Structure formats: structure tokens, C-alpha cells
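Open the structure in your viewer and keep the selection tool at hand. The stops below say what to select next and what is there.

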Amino acid sequence: MNVSIPHILDQIIASVPLFKPELVLIIGFIVCIFTALFFEKRWKNSTFIACMVTLAFSLYYLIDQMPNTGTGFSGMWLVDPLSTYARLVIICSTLIIAIFLQQRHSKKNNGDVYSILLAATLGMHVLSSTSNWLMAFIGIEMVSIASYILVGYFSQNKVQSEAAMKYVLFGSVCAAVMLYGLSLVYGLTGNLDFQSAMHLQGLMDAPKAIITLALLFIFVGIGFKLSFVPFHVWSPDVYQGAPTAITAFLSTIPKVGAIVLFARLYQSWTSTAFYFSELSTWFIIGVAIVTMLIGNLAALRQQDVKRMMAYSSIGHTGLLLMAVFAYQDAFSYLLFYIVAYVVMNLASFIFIDQIEQQTGSTSLLSYAGLGKKMPLLFTAFTLVAVSLIGIPPTVGFVAKLMVFTSTFSFFQSSGDTGVLVMLIVGALTSVISLFFYFKIPLYAFLRDTDQPVAVKKQISVLLCIAYTLTILVILFGIFPNWLMAYLSTSFS
Amino acid sequence: MISLTHFLVVSACIFCIGLYAVLAKRNTIMILVGIELMINAAILNFVAFGKYDKINYGGQVFALFAIVLAAASVAVGLALILNVYRHFKTINPQDIHELKD
């Protein structure tokens, strides 16, 4: 590619419009560092306001960018409906997380946390709109490093600092293994763009043993971010140890970026039939089955709600993998599942946090008898739990139903036993999940407690958001067409 | 004459040493050193393969970015380990087990 420097500069300038939402995030990141340093002491919440303004501007440019598609920066940056909608979900949920952090941790000078949140958002944007390994690795590392800091930022006791240390060690090892796998793939193909023909050709010609090793190594890194089995061991510890606001962040947003990257990867690898695509199909089926089983079975015996939610989100990762498998071309259904998952998880973590504020505990036993004291909150929480199980009339049911029907039609056309096993396991684990999600209303409404809990009546911004999300859960469950029609028009 | 194979063998050896340091887990700092070795093995691979990619220099650019990212994550890791030491007075991973099933 012997092109002159003016030509390259022209190309870079031409691709800047595609990069506007991220440019806003970069500027906002720098502004947040300065406000945290100089203004936070005089005007409280100045960093929070700067962060919110940045996110709002980024959202504005993203909506502005909606009809556009294209590639920029010599194929490194990819803007299509999948990336635009994924980034919309990411920005909206980051807004909620920022409010969550502001409500919970505004006592001390915690300005820096907002700039780190913005950096994590930028990393997720990179992950969801690239098909280049270099960008993907930078995105994964940006999200990881920001998450390590977020988990460790508020650490005041033993448990929190231990969670942060476990997270950083496990994450760095996974990233290092993934980097080695990437170097092998680069050596075998000579190209870093995983959608290019040269890359696929290189994979087809490569020796099987090395290519299997490289594939497994790469899946270690993606598996860590998605927390599928066997790379899930960090997530219960970290979810339990981190502050609830950070747990809400970890369980939702990084998974959106990673699953979008994984969907792109899987689509491009299985587009042509060769040894590598068969291997990745078998890999995704096996991992989805094991992840759903382990996530839901381990959640059964948890006594801590945050730990239970960690295993439940591992179980949902299995279903997300199944969705990636079932919709190799129709990304709108995958996005529907992602939206459903993010809404449900954000709502349930806000409820967990509200209860934690009242009782000071996240243990399931401490929920005993609280249903009568906080009837509205626990009714909404139960509705969200119903949606997480996948019972109508909620969004969780619609999302699961679509994944199952699509997998079934896949099975009918191919007759593959592995697909059938995956389908059966998916249905079975949904039944299993009933038993642990229903522990929440069981303890809250049917058990009584001896020690009286003083419940303060208060209406906070956070609760309003959570109730809105609960209403969304029901609305999208009864009228899934509202969301689906919106998504599928832009994909056709 | 040193060929590509020599580089690959050396980097595979470094990767295995790093992996051993991580899995043996005697000391948290040693785990960080192991991680650093694994990353450097990958970087060596990238630069060695990059010799044959004269058009885009993808491997060398990747190596540069990997070095920066590794430094950043090790800096964060050290800060968090310092925080653990304040609470536990030890950095042996086997003695740090407040969180478990």
C-alpha cells in the first residue's frame, strides 16, 4: 500500500465524522480529569455534571449517525446498524450507572470515578464497532483496566480489596493468553482484519493443531469478558466484593461490547465451511451447554443475592451464546436479547442496592418479612425476577422464546444432535432458574422475621429509574413489536 | 543464520515459563512477572512475524500497542496489590480467601 501521506491524511479526515461520538467521549474524559482535580472541592458534583454532559453529547451524535454506515481509518473502524444500536445501549446504560454512582458515592471526593467510567465506555464503543484484532485487543484492555480500577476504587475493607486483586490477576492472565493466540493467528494469516478474505484463506491453509491452539487462546480472552465457563470463576467473587453500583456496571455493559465482537467473529468464521468454522461451531455449542448448566445449578445454593445474580448472569451468558449461534445473520434478534438482558439486570441491581441501603445486608435471609414493609419495591423486584426466569408477560419470555424457536428451526434444517441437546439444556435450566429467583419473593412475602427493621420512606431518583425499567420490562413483554419493528427496519 | 523458527521456539519457551509462574502462585508479584513474560512472548512473536508483513507493518504496530497496554495493566495491578497488602499484611494468594462459596 504505497500511498502518499496527503492521501492518508485525507482518508483520516474523511473518517472523522464516523468517530464523532467517541471523540466526544475522549474530550469528556480529559475534561473530567481536570474538573476532578480543580473544581470538585469547590463545587460538588461538577465532575458528575461534566460526565453527564459528555454522555448526552455522545448520545446526540450517535443518534445523528444512525442512518450512516461505512468504514473509516483504513478499515479499522466499522459503523453499521449493529454497532450503532449496541453503542446506544451502552451509552444509555452508562448514563444510568453514572446516576447510580452519584447517588451512592457522593460523600467523598470521588470525581475520578466518572472519568474512568467514560474510559470504559470508550473501550466498549471500540469493541462493538471494529473487525480488526488490534482494535479489539485495545478495546478489551481498555474495558478491563477501567473495570479493575472501578472495582478497587471504593475498597475500604478486606473483601473489596481481595475482589479487585483477584479480578486484575485473572484478567491480566486471560489478556496475555489471548495476545499470544492473536500473535499466532497473525503469523498464520498475515492480516489482522478477521473479516477479510486473506485472513480466512490463511486460516484455511494453516495446520490444524496450531489453529486449534490459537482459537482456544483467543477464546480465553473473550471468555473472560463474557465470563463463560471455564473462565467464569472470577465473576462471583468480584460481583460480591464490588460495590453494588459497580456490580451493576460489570454485569451489563462490558458483556454488550464483548458479545457484539463475538457475534461478528462467529459470523465471519462460519460464513465459509472449513475445519476452523466447524471447530468454532462445536465450541460454541459445548460452551453454551456447560455455561447454562453450571451458572444455574451453582446459583441454586447461594445465600447472597449479589452472588446469586453473578451465577444468574453466567447462565444468561450461555443463552446469549445460544442467541449468537441461532442468529448468525439476523442481528436484530440478538440486540433484542441484549436490550432485555441489560434492562432486567440494571433494574434488579438497583433494587438490591435499595434494600442494602435499608437493611445493610445483601443476604437472602435478611429479606425475610420485608415484603410487607416495602410492598411496591418487592412487587417490582418480583416482576423483574419473573422476567429473568422467562415467564410471560415479560420481555425475558419474549427474548427466550425467540432464541428457542430460532434454534429449533436450525435443528430442523440441520438435524444436528448437539443443537438439540443445547435446546433441551436451555429449556431445563430455565426451569431450574425458577427455584432460585423465586427465593426473593419467598423470603420477602412468606417468611417472617423476629427483629424489626426500620424502613425509611424515601423516593429517590434511582428508584424512579428502576420502576421505569420495570415498566419497560412489562411493556416490551406485551408489545415486543414496538422494539422489534424499530430494530428490524434499520437492519433490512 | 537465525530463522523464524528460532524466534518461535524462544517465545514459546518464554510463554511456558510465564504460565508456570502464574500457575505456581507463590507470590502475587511473581504472578505479575509471569503475566509480563507471557505478554513479552507474544510481542516477540508479533515482531518476528511482522518481518514478513512488509506492507502494513501490522505486527510491529501491534507490538507497540501491546507494550503500552501491558505497562498500564501492571501499574493498576501493583496499586491494587498494595491495597491488598494494607488490609491483609500479606500478598500470598493462598492466604487471601475471604470470598468463597
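**Before selecting**

This is a predicted model, in which local features need pLDDT of at least 70 and side-chain atom pairs count only at pLDDT 80 or more, while totals for chains, interfaces and linings use all residues. Residues are numbered from 1 along each chain as its sequence is written, and chains are lettered from A and ligands numbered from 1 in the order in which they are written.

**Stop 1: where the chains touch**

Select both chains and look at their contact, which takes 36 residues from chain B and 34 residues from chain A. Two residues are in contact if their C-beta atoms, placed from the backbone, lie within 7 Å. On the chain B side, the elements giving two or more residues are helix 1 (4-24), helix 2 (28-50) and helix 3 (58-88). Helices here are DSSP runs (H or I, at least four residues), and strands are runs of E of at least two, both numbered from the N terminus. Helix 3 of chain B supplies the largest share of that side, 17 residues. By class, the chain B side has 25 nonpolar, 9 polar and 2 charged residues. Ala, Val, Leu, Ile, Met, Phe, Trp, Tyr, Cys and Pro count as nonpolar, Asp, Glu, Lys and Arg as charged, and the others, Gly among them, as polar.

**Stop 2: helices 1 and 2 of chain B**

Select helix 1 and helix 2 of chain B, whose axes come within 7 Å and cross at roughly 165°. Axes are lines fitted to C-alpha atoms, for helices over the stretch in contact, with angles from 0 to 180 degrees between N-to-C directions. Helix 1 and helix 2 of chain B are therefore roughly antiparallel (angles over 145 degrees; under 35 is roughly parallel, 65 to 115 roughly perpendicular and the rest oblique). The residues where helix 1 of chain B meets helix 2 of chain B include Leu4(B), Phe7(B) and Ser11(B) on helix 1 and Met30(B), Gly34(B) and Asn45(B) on helix 2. This contact has 19 nonpolar, 5 polar and no charged residues.

Now colour residues 6-23, 30-49 and 61-85 of chain B, which an unreviewed UniProt entry gives as "transmembrane region". UniProt positions are in the numbering used here, feature names are shortened, and annotations may be inferred rather than shown by experiment. Residues 30-49 of chain B are 100% helix and 0% strand, with end C-alpha atoms 29 Å apart. Residues 61-85 of chain B are also 100% helix and 0% strand, with end C-alpha atoms 36 Å apart.

**Stop 3: helices 4 and 14 of chain A**

Go to helix 4 (residues 81-104) and helix 14 (residues 331-359) of chain A, whose axes come within 10 Å and cross at roughly 5°. That makes helix 4 of chain A roughly parallel to helix 14 of chain A. Their contact divides into 12 nonpolar, 1 polar and 2 charged residues.

**Stop 4: two residues of chain A**

Pick Pro236(A), in helix 10 (residues 234-241) of chain A. Pro236(A) is buried, with 27 C-beta neighbours inside 10 Å (buried means 20 or more other C-beta atoms within 10 Å, exposed 12 or fewer, partly exposed in between; C-beta atoms are placed from the backbone). Leaving out residues up to four places away in sequence, Pro236(A) touches Arg307(A), Ala310(A) and Tyr311(A).

Finish at Met322(A), in helix 13 (residues 305-326) of chain A. Met322(A) is buried, with 27 other C-beta atoms within 10 Å.
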